[in-house]
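Subject: Structure for you to look at

Hello,

Here is the structure I said I would pass on. Please open it first, then read the notes below.

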Amino acid sequence: MSFKGRVVITMKYEFDKNYNVMESYDLWEFDEKQQKYLKELLKKFNFDRYMNIENAFVPKEDEEMETLGIEDLFPNATITVLDEDAHIEPKNIISTTIRTAKPKPVNEGKDFVLDQKVKYSNTVEHIHLSKLFEIDRSINFFPLPDDEELLDLMENIETFGVLSPLLVIKNGENDEYTVVSGRSRLIALNHLWNNTSDERFLYAPCLILHENTDPETIQSIIISANLSYRKISKDTQIRAILLLDKILSKSKLYRTQMNITDKIAKSAGISRSTANTIRGFKNLSPLALDLLYKNHITRGAARLLSMVESHETQDLIINGLGNQINDLDKIKEMLAGPSKGIYDNDLGKIVPETWEKKIDRTMRMTPGTTKITLYVSSGIVEDVLKAIIPLRREAVLRYKAFKENEINKHFRVVLDDNHIEQYLRKGFVTKETIDLVKNGDYKEIIKYSKA
């Protein structure tokens with residue numbers, strides 16, 4: 001078993017007894033010495049059995065990775081960073097958890113979420129397609145199968161038949177039924193019957209739910225049957241998990257928030273940390289939730305907004321930041337609220353900051369760093385890297401980055417190690433140039449640039 005993906009370090013900051021914040025940082029945001037310490041920590045807990053630790057420190061573009069926590073592999077393990085020599089900032093770290101990506105497990109679809117016996121007929125009944133109807137789309141909001149999925153399903157049914165009966169419930173006193181689970185199979189059967197007129201496809205094998213099955217159990221069955229194995233969009237996943245959270249919170253079987261989180265994580269095939277993050281979205285205002293569903297704001301931005309109890313304040317931040325709502329630094333600044341006192345040039349004195357001035361000041365903030373991506377032909381890689389070294393020297397002098405690896409806070413070069421290894425073998429680049437580009441020793445950088 002192996003896992004691929006990025007590694008992040010999650011830190012808990014405690015400001016007082018009633019307020020704390022969890023923050024996550026990619027490991028490549030730390031300097032080389034800190035990374036070395038964290039790699040040793042990963043190896044200490046045997047994560048090298050599950051992942052390529054070196055590759056995990058290479059920057060990734062995808063910010064929406066599922067996570068596998070140490071608590072997932074080692075339920076009784078706790079890691080607290082006590083080694084001051086690691087120099088991991090900020091100083092007020094309480095605890096540290098290391099996580100890496102986790103693939104979704106296959107859910108057999110037998111668990112109907114509430115862990116209670118769902119009552120249905122003991123025998124399979126074959127019901128005419130004309131008497132079977134899809135459930136309302138507001139209840140089963142999961143996407144329909146795409147063309148490729150539908151063709152695969154039709155081919156399987158044509159070859160093997162319907163291996164798993166549909167789960168249906170009777171509509172009142174008539175002979176019609178609503179399909180609770182098996183919508184895709186129903187669509188496939190209708191297509192096969194219409195195309196072939198083969199009576200093998202005219203009747204669907206069904207299990208009939210007890211007529212007193214309550215709406216929440218029906219909704220739970222739909223979520224359980226779709227959430228973990230279907231290829232669904234992020235907004236559908238969020239919608240399903242929030243609805244599942246609402247259902248489980250009402251159930252007497254789940255008395256603690258931890259139990260609910262564990263159940264959701266298992267049902268959705270995600271980690272507990274991801275389940276917790278999505279559950280927190282229920283605190284979002286209707287406006288924020290709508291933007292999240294429409295993919296106008298990222299999960300990271302939504303997570304920060306969900307920390308604000310007041311929906312009015314959330315909407316104020318959203319409207320204030322406008323198209324910069326996904327700038328996490330600006331959101332964090334807005335979360336701090338207006339300052340108790342700022343200097344007013346017009347009045348010539350210190351006055352309380354208004355939200356209007358807070359928004360204006362926040363919008364004038366600029367990112368402290370940025371990422372520039374260069375795509376370079378193999379024949380000029382050496383020349384480009386040599387041209388970068390003097391720029392790193394300028395950064396050393398400008399920012400007085402005279403501590404070990406401090407230059408990487410201001411000018412860090414990330415290379416594709418796989419490509420560089422091939423270029424080294426072919427003689428396109430030299431090891432000396434590579435070492436200097438990645439070097440964190442300001443003396444070596446300055447010495448080369450003067451040569």
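With which side chain does the side chain of Arg279 make a polar contact? The partner is the side chain of Asp245, at 2.5 Å. A polar contact is a pair of N or O atoms within 3.5 Å; within protein, one must be able to donate a hydrogen and the other to accept it, and residues adjacent in sequence count only if both atoms are side-chain atoms.

This is a predicted model, in which local features need pLDDT of at least 70 and side-chain atom pairs count only at pLDDT 80 or more, while totals for chains, interfaces and linings use all residues. Residues are numbered from 1 along each chain as its sequence is written, and side-chain values use heavy atoms, with hydrogens and water left out.

Arg279 belongs to helix H9, residues 272-279 (helices are DSSP runs of H or I, at least four residues, numbered from the N terminus). Arg279 counts as buried because its relative accessibility is 4% (buried means under 20% relative accessible area, with a 1.4 Å probe and protein chains only). Leaving out residues up to four places away in sequence, Arg279 touches residues including Leu242, Asp245, Ile260 and Ile264 (contact means heavy atoms within 4.5 Å).

Asp245 is also among the H7 residues that make the contact with H8; on the H8 side, Ile260 and Ile264 are among them. The axes of H7 (residues 234-250) and H8 (residues 257-268) come within 10 Å and cross at roughly 140 degrees. Axes are lines fitted to C-alpha atoms, for helices over the stretch in contact, and angles run from 0 to 180 degrees between N-to-C directions.

Regards

Definitions and conventions. Helices (H or I, at least four residues) and strands (E, at least two) are DSSP runs, numbered from the N terminus. Buried means under 20% relative accessible area, exposed over 50%, partly exposed in between (1.4 Å probe, protein chains only).
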